[in-house]
Amino acid sequence: MSRKIVVGFDGSDASRRALDFAITRAKAQGDSIIIAHVLEWSPYSFLTQTELEERHRRRKEELQRAETAILDPEMKRVQSAGVPVTTAMRYGHIAETLCRIAKDEGAALIFIGRMGESGIAARLFGSVAATLAQVSPVPVTIVP
Amino acid sequence: MTRTMNSFTRTLAVSGLLGAGGALPAAAQGIDETVNQIFANSTGWFVSLIFSSFPGTNVPWIVCWLVIAATIFTIYFGLIQFRAFGHALALVRGTYSDPNDAGEVSHFQALTTALSGTVGLGNIAGVAVAVSIGGPGATFWMILAGLLGMATKFTECTLGVKYRNEFADGHVSGGPMYYMTKGFAERGLPGGKILAILFAIFCILGSFGGGNMFQSNQAHAQLVNVAGEFPGWITGLVMAVIVFLVIVGGLKSIASVTEKVVPFMAAIYVGTALIIILMNYDMIGTAFGQIFRGAFTWDGAVGGAIGALIQGFRRAAFSNEAGVGSAAIAHSAVRTKEPVTEGFVSLLEPFIDTVVICTMTALVIIITGQLVTDPETGMFILNEAGTQIQTASGDSGVALTSAAFSSAFGWFRYVLVLAVVLFAFSTMISWSYYGLKAWTFLFGEGQTKELVFKIIFCCFIVIGAAANLGPVIDFSDAAIFAMAVVNILALYALMPIVKSEMNSYLARLRSGAIRKFD
């Protein structure tokens with residue numbers, strides 16, 4: 001049975017490794033891949049007046065840039081490997097948004113790369129991988 | 001008669017500014033004196049016009065204008081500020097925001113940005129002026145003005161979003177200029193263009209006055225209070241250079257940092273005020289007794305109950321800017337399909353600004369016993385000139401607030417300096433934007449035209465810091481209230497549009513057509 005795998009992708013080497021791993025799994029099991037790119041965003045941040053005015057334009061530019069620079073090339077790569085692929089782009093808290101994409105798309109698995117965060121920063125802010133492992137509605141694979 | 005109010009503030013300015021120092025080196029103060037003279041002479045007529053009283057009374061017509069408007073909007077929209085309060089909080093929390101719109105300006109962001117433009121020296125210095133002239137009773141009228149002003153703010157911000165201009169590249173420009181021209185045309189009313197031009201002119205003046213000179217002036221007063229006497233133009237020049245770097249040099253990092261620090265300063269300010277109030281919990285009853293008694297009876301304050309009312313309303317309007325039209329510019333950037341939702345969110349602004357923050361300042365001043373009373377009669381004692389209530393420290397304006405807070409926590413005066421400078425700075429940045437929008441409405445958008453405005457804006461920062469508080473506060477109030485004269489006229493003309501928007505939205509909210517997102 002064909003399942004959907006959500007791959008959290010931010011353009012980093014770790015996320016590329018996660019995608020590579022997802023491609024081999026998908027090939028072996030006949031699954032499809034959703035490349036998910038989340039732009040970190042909080043509706044509770046503080047902006048200046050000029051930032052407010054330009055926000056809508058900036059958002060359009062950011063989405064366009066992510067599409068052409070990050071998602072398009074990766075999509076071609078997955079397609080050429082013979083795996084069915086779609087993309088998703090959202091703003092929000094990274095772990096929560098990945099969960100929401102998985103839920104909305106009816107995905108069976110989430111793959112992400114490990115960022116290798118450790119020490120004080122990870123303790124204070126928590127890592128995406130750790131949060132995801134705790135809140136995800138589907139099994140999560142963390143690729144080192 | 002017409003100059004009564006102005007002479008009050010002018011006298012207290014002198015006592016406030018000179019109170020901290022003493023004899024000053026004549027040469028160093030020379031520039032300040034010249035600037036002050038020229039400034040006072042050239043703006044006097046405008047101030048007299050705005051603050052003239054009804055014949056035979058000492059009630060300024062402009063104060064009545066604002067209060068009557070706020071009352072009419074409150075009745076016309078059926079106490080919307082109370083009915084929609086809960087829904088406004090839900091909107092700010094994001095309960096009704098579509099997750100697919102994430103990345104656009106949220107209601108929370110629009111509200112906090114608009115607040116950083118209004119929460120400023122009006123809350124710290126303005127309240128001290130009101131209480132020291134009008135007595136504790138001024139607090140009551142200030143709170144009432146804040147509550148009524150919520151309806152005015154709701155009206156103007158709904159219109160601001162509804163009639164904003166959206167440009168092809170995605171940026172938006174909104175504000176009273178746009179609802180005056182487009183809204184009037186839509187209703188087939190004449191005169192929209194003239195009102196818009198008048199508003200734009202007053203908005204530019206307001207951006208130089210209350211949004212600029214008053215801020216740099218009081219920031220300097222507070223610095224002097226801590227660091228000792230030095231000429232005002234030095235403070236002005238430093239602030240002008242920083243503002244220049246931000247608005248002309250595009251040094252966004254400074255503005256972003258301010259934008260993030262200001263909310264925390266506001267929280268520290270309110271938190272400290274609460275602690276001081278709780279420390280003196282046995283005085284809370286007495287303080288509210290003084291507030292209610294002073295609001296309706298003669299307690300020895302300048303002008304009695306009427307004086308308290310005028311001061312309370314005047315400082316509330318200056319602080320929360322309801323009816324002034326500035327918030328309509330600030331809120332119009334939010335992206336929403338329903339303009340009225342931004343109106344709901346904006347009605348929280350006068351509540352936070354006036355009902356919460358201003359009241360905290362007033363309570364701390366009253367509770368810490370800054371206002372001197374006669375131990376036998378319980379009446380307040382006026383200073384020698386009879387222009388304000390004698391204060392324990394002999395201060396007024398921001399120095400009085402500082403004295404009140406420092407009486408509980410000595411270190412707080414240093415926190416207050418930081419707060420005042422940051423608030424002043426964020427208010428200036430906000431008002432430079434409002435002024436610029438009015439400027440581009442008049443002269444069109446363009447690099448050179450915008451640069452001219454920005455340079456003039458920075459010059460006024462220096463003038464404001466160098467001039468005395470009296471002429472500056474008079475001109476600041478006059479320019480901002482002149483905006484309200486024009487803006488409220490337009491609000492009356494367009495309020496049926498807001499009402500139909502509101503009714504349609506509330507009906508859909510009740511029927512469940514507008515739903516929550518989880």
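This note goes through a predicted model, beginning with chain A as a whole and ending with a pair of helices in chain B.

1. Conventions. Residues are numbered from 1 along each chain as its sequence is written, while chains are lettered from A and ligands numbered from 1 in the order in which they are written. In this predicted model local features need pLDDT of at least 70, side-chain atom pairs count only at pLDDT 80 or more, and totals for chains, interfaces and linings use all residues, with side-chain values based on heavy atoms and with hydrogens and water left out.

2. Make-up of chain A. Chain A holds five helices and five strands, these being DSSP runs numbered from the N terminus (helices H or I, at least four residues; strands E, at least two). Read from the N terminus, the order of its elements is β-α-β-α-β-α-β-α-α-β. The radius of gyration, taken over C-alpha atoms, is compared here with a globule rule of 2.2 Å times the number of residues to the power 0.38; chain A has a value of 16 Å, close to the 15 Å that the rule gives for 144 residues, so it is as compact as a globular protein of that length.

3. Extent and burial of chain A. The C-alpha trace of chain A spans about 50 × 35 × 25 Å along its principal axes. Of its 144 residues, 43% count as buried, where buried means under 20% relative accessible area, exposed over 50%, and partly exposed in between (1.4 Å probe, protein chains only).

4. Gln29(A), found in helix H1 (residues 13-29) of chain A, is partly exposed, with a relative accessible area of 35%. Gln109(B), which lies in helix H6 (residues 107-118) of chain B, is buried at 0%. Leaving aside residues up to four places away in sequence, Gln109(B) touches Trp41(A), Ser42(A), Pro43(A), Ser45(A), Leu47(A), Leu52(A) and Glu104(B), contact meaning heavy atoms within 4.5 Å.

5. A helix pair in chain B. Helix H8 (residues 137-162) and helix H13 (residues 281-296), both of chain B, pack at an angle of about 85 degrees with their axes 6 Å apart. H8(B) is therefore roughly perpendicular to H13(B), a label given to angles of 65 to 115 degrees. Gly137(B), Thr139(B), Phe140(B) and Trp141(B) in H8(B) meet residues of H13(B) including Gln290(B), Ile291(B) and Phe292(B).

How values were computed: Axes are lines fitted to C-alpha atoms, for helices over the stretch in contact, and angles run from 0 to 180 degrees between N-to-C directions. Angles under 35 degrees count as roughly parallel, over 145 as roughly antiparallel, 65 to 115 as roughly perpendicular and the rest as oblique.
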